[in-house]
Amino acid sequence: MPKLTSETYAELYKRFNAPVAARHDCGRYCAPLNGGTPVCCDPGHAIPIVAREEWRLLKARTDLWRRFKPFDAVSEDIVHSLDTSCIAVECRGAAFCERQNRSLACRTFPFFPYITRDGRVVGVSIYWTFRDRCWIQSRLDAVDPAFVAEMLATYETVFQADPDERVPFVEQSASMRRVFSRWREPIPVLTADGAFLKVRPKSGGALEPASVSDFAAHGPFVSKAAYRKAARALGASAKAVRGVLSQAFDDPGKSPVAPEPLRTERVKNV
């Protein structure tokens, strides 16, 4: 008997509906730089992974989803590396999104539950490999605290039902501490009450209070000029770019860093 049943996932879906950024449609901000498709809805960037019981629920609720078919060596490796309890899936596209039928991978992207070295879930942090493509990672002040609270409550239920579900996030958190220590950058952690914490590099994972200004913007989201430059290079429409510039860069509140080249490697969204 599965520890997390399709009924469990149905209940989680009811309780986890808060948008990542209530005041923004962030998919509109990255889409012009990705052929018109939000990065989070493009399996060329992020392949949603679902548990088999979640897949059972989705099939019963909607025709939005289908099994993901690998299209190159990278996506083939991702699919073949999955545990038998998981399935790689893809939806019919952002234009057909049914918000009530989004997978947990969709609802949480681009965040994961951050777990400290002593095993505490203290907030959420970012899948950092997307920070050159994902606007919200450069505007953490736009994240809705209700989203963080609902996400953490969801994973509290998941981890209580199946402690093995913690393992990938323990490993992700440890990997992040190593990577960010090499980069000499602080790890951002967002809490359920709307506060920020940071893990300083080479601190042994110690947490301390932070402000959003401690975390830099990245890639084309550093500034309007950087966005325009990336948009021109990628052939984005002038109309789409104007819409982004008028909404995505209000009160950025960030310490800019040099723009990063847009990457196209696929990273599974777990």
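Author: A salt bridge here is a side-chain nitrogen of Lys or Arg within 4 Å of a carboxyl oxygen of Asp or Glu. Keep in mind that this model is predicted.

Reader: OK, how far apart are the closest N and O atoms of arginine 133 and aspartate 132?

Author: The cut-off for a salt bridge is 4 Å. Arginine 133 and aspartate 132 make one, and their closest N and O atoms are separated by 3.0 Å.

Reader: And are those two, arginine 133 and aspartate 132, buried or exposed?

Author: Buried means under 20% relative accessible area. Both residues, arginine 133 and aspartate 132, come out as buried.

Reader: How many salt bridges does the count come to?

Author: Side chains of opposite charge can pair when their charged atoms come close. Applying the 4 Å rule, the salt bridge count is 11.

Reader: Arginine 131 and glutamate 185 pair up too, so how many residues apart in sequence are the parts they tie together?

Author: Their side chains meet in a salt bridge at 2.9 Å, N to O. Arginine 131 sits in the loop between β5 and α6, while glutamate 185 is in the loop between α7 and β6, so the parts tied together are separated in sequence by 54 residues.

Reader: Why does glutamate 185 count as partly exposed?

Author: Under 20% would be buried and over 50% exposed, with partly exposed in between. Glutamate 185 falls into that middle class because its relative accessibility is 23%.

Reader: Which helix holds both arginine 56 and glutamate 53?

Author: The two side chains form a salt bridge, 3.2 Å from N to O. They are three residues apart, about one turn, and the helix in question is α3.

Reader: Moving on, what does the side chain of threonine 191 join in a polar contact of 2.4 Å?

Author: Threonine 191 is in the loop between β6 and β7, and it counts as buried because its relative accessible area is 11%. At 2.4 Å, its side chain has a polar contact with that of aspartate 193.

Reader: Last one: which residues is methionine 176 in contact with, leaving aside neighbours within four places in sequence?

Author: Methionine 176 lies in helix α7, and it is buried, with a relative accessible area of 0%. Once neighbours within four places are set aside, its contacts are Phe112, Ser125, Ile126, Trp128, Ile187 and Pro188.

Technical notes
Residues numbered from 1 in each chain as written. Predicted model: local features only at pLDDT ≥ 70, side-chain atom pairs only at ≥ 80, totals over all residues. Heavy atoms only, no water. Helix = DSSP H or I, 4+ residues; strand = E, 2+ residues; numbered from the N terminus. Buried < 20%, exposed > 50% of the residue type's maximum accessible area, 1.4 Å probe, protein only. Polar contact = N/O pair within 3.5 Å; in protein donor to acceptor, adjacent residues only side chain to side chain. Contact = heavy atoms within 4.5 Å.
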